[in-house]
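Subject: Structure handover

Hello,

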Amino acid sequence: MIADQIVTGLLTGLIYGLMALGLSVIFGVMRIVNFAHGEMAVVAMYGAWAAFRYLGLDPLLSLLPIAAIMFGAGYALQRGLVQPFVSRPDYMQFILLISLALILTNGALLVFGPEARGIGVDYSFDSYEIGPLLIDKVRLLAAVAAVALTALLLAFFRFTLTGKAIRAAADNRIGAQVIGLDVKKLYAVTFGIGTACLGAAGTLMSLLVDVMPRVGPELTLLSFVIVIVGGLGSMAGALAGGVLIGVAEALAGTLLQPSLKSMFSYGLLVLILLLRPQGLLGERN
Amino acid sequence: MRIGLLILLGLFLLAPLAAGPYLLSLLTVLLTFAYLGQAWNIMMGFAGQLSLGHALYVGLGAYVSAALSIFWGVPPILGVFPAMAAAALVGAAIGLLSFRFAVKGVHFTLLTIAFAEIARILFQHLSILGGTGGLFLPVEVRSGVDLVHLRGDPRMFYYLILTMSVAVFFFCRALLASPLGYRWLALREDPGAAESLGVDLLRVKLAAIALSAALTAAGGVFAAFFYNALFPDQWFGLGYSIEIILAPIIGGLGTLFGPILGALLLSPLGEAISAVTESFGWQTAGIKPFCYGIVLLAIVKFLPDGVWPAIRKRLR
């Protein structure tokens, strides 16, 4: 029973990790905290829901198209709106993205209404029995997809020229400009990648939880907790934080009251902010 | 400018003569946001500390005064003091923690959110205070004025929040002209330089947070007795914290007139939009915050200092 919960939390945590990775990448490169993170993920969740409802597409199939669309949206958003704010004070960036979050959440409320919408694929209730463990099939598939995408992303940053250029721009923006990198474009690509991450994570999440507008702010706060715990700007930290929070929430949900599980996350957030603000895996600067 | 302010005040004073119950409650809500925005502005606009958890202090003020009144019969005119003290203490504790562990910028803002969220979940589980089911103040229909128990007709509430808003306006004006006010501005503009000039950053920061929290809590006491129903999700929620900061940002951060102007612009806009969409028979849940989001976006994009500084420039 407890072991089942740990595995469930672990698998969910891998999807959380992918979502938080999007936040972490954007912050790591541009030093912008995307306050509309969860709200954007909800847009992807509605996309997955609509694709399933009207086109009959399994979210595992609509995953890549939605991520691609979200990449374009993120790229355009950075180019059209966020770019001039890169060099402005923290609080301005915050307020800009809060306004975006308000628009997205309430726009979703206007278009889709407050009711929860779930995706019921025909294998929703299947599960695998591995030894003593009972594992949901959807959760396992979603987690595998999340891991594959995360690996792809890490490989992108490690091996491709664009990935290396983005890392260079993150390390030293002026140096990157001096050697002729188009930093603005790299920033837009980064924002696109971050948005694609949460688009993919949102699509996968739509298999596990119902979509409704108020999920947005919850996911934003959840992503904040994860990246702060793991280390803001650290990619490995986002994954570790995702898994840690996933498992902790699953356990707190079984051992304590389910409604207390986010209390646990916020408590952890406060502790980390005070004692180790760079996060568990982040580097102090 | 002074004449404009006097005219505005005169209009507010005379409004109940002409306003019906609907308009009066709208004006009361407007002034509540002007008041809360002014209180928040002390921390962000003057001292440069972005708090996205001010619902925590509204909620604390509301719950403390309501609980004192319900369980021990303490009237709100006395209950407001422990309510403000509780909020000031919590604010100071958060400030002290963040200072001791050097939590700054984005991290500080996240800390304020985290504490508000913790309080929200905590109050959801305090069954003695109603939990998620809510805490209700007994409603008595009285036509007279009972300021001690905050019971009376809507006009009393209106004049009370008007008085509070005017008082907090002049209080903030005095603060800005005081040595403390100059230290806040120094802290906001450049903490390092301020410290090197001998500004005690810890004291100055704590003063900003505690004062802002206490004044916000007083607004919470007012709101508790005005609405009579407290729910942790609403009173401590992030959504409320964001609603509080809209008016001062749109009106002009750090300006005295900004929060009032912001509330004057936003509330009628929200009401007008609701009225229009309702008259078309559209589903309207979310339309107001949706429009607030668009206005906020336009302001940060095109008038980052807010509306009031832009108007003031024209006037000169």
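How many residues lie between E1(A) and E2(A) in the hairpin, and which residue in the turn has a positive phi? There are two residues between the strands, and Gly131(A) is the one with the positive phi, at about 60°. Keep in mind throughout that this is a predicted model.

The hairpin

Strand E1 of chain A covers residues 127–130, and strand E2 of chain A covers residues 133–136. They pair in the antiparallel sense, over four bridges. Within this pairing, Tyr128(A) sits opposite Ile135(A) in E2(A).

Chain A overall

Chain A has 11 helices and two strands. Read from the N terminus, the order is α-α-α-α-β-β-α-α-α-α-α-α-α.

The C-alpha trace spans about 60 × 45 × 35 Å along its principal axes. Of the 285 residues, 54% count as buried.

A helix pair

Two packed helices are described by the angle between their axes and the distance between the axes. Helix H3 of chain A (residues 59–82) and helix H8 of chain A (residues 183–208) make one such pair. Their axes come within 6 Å and cross at roughly 145°. The crossing of H3(A) and H8(A) is right-handed. By class, the residues of this contact are 19 nonpolar, 10 polar and one charged.

The contact between chains

Chain A puts 34 residues into the contact with chain B, and chain B puts in 31. Which helices of chain B each supply at least two residues of its side? They are H5 (105–125), H11 (238–251) and H13 (287–302). H5(B) gives the largest share of that side, with 11 residues. By class, the side of chain B that touches chain A has 23 nonpolar, seven polar and one charged residues.

Best wishes

Methods: Residues are numbered from 1 along each chain as its sequence is written. Chains are lettered from A and ligands numbered from 1 in the order in which they are written. This is a predicted model: local features need pLDDT of at least 70, side-chain atom pairs count only at pLDDT 80 or more; totals for chains, interfaces and linings use all residues. Two residues are in contact if their C-beta atoms, placed from the backbone, lie within 7 Å. Ala, Val, Leu, Ile, Met, Phe, Trp, Tyr, Cys and Pro count as nonpolar, Asp, Glu, Lys and Arg as charged, and the others, Gly among them, as polar. A residue is buried if 20 or more other C-beta atoms lie within 10 Å of its own, exposed if 12 or fewer, and partly exposed in between; C-beta atoms are placed from the backbone. Two strands pair if DSSP finds at least two bridges between them. Axes are lines fitted to C-alpha atoms, for helices over the stretch in contact, and angles run from 0 to 180 degrees between N-to-C directions. A crossing is left-handed if the near helix is turned anticlockwise from the far one by less than a right angle, and right-handed if clockwise.
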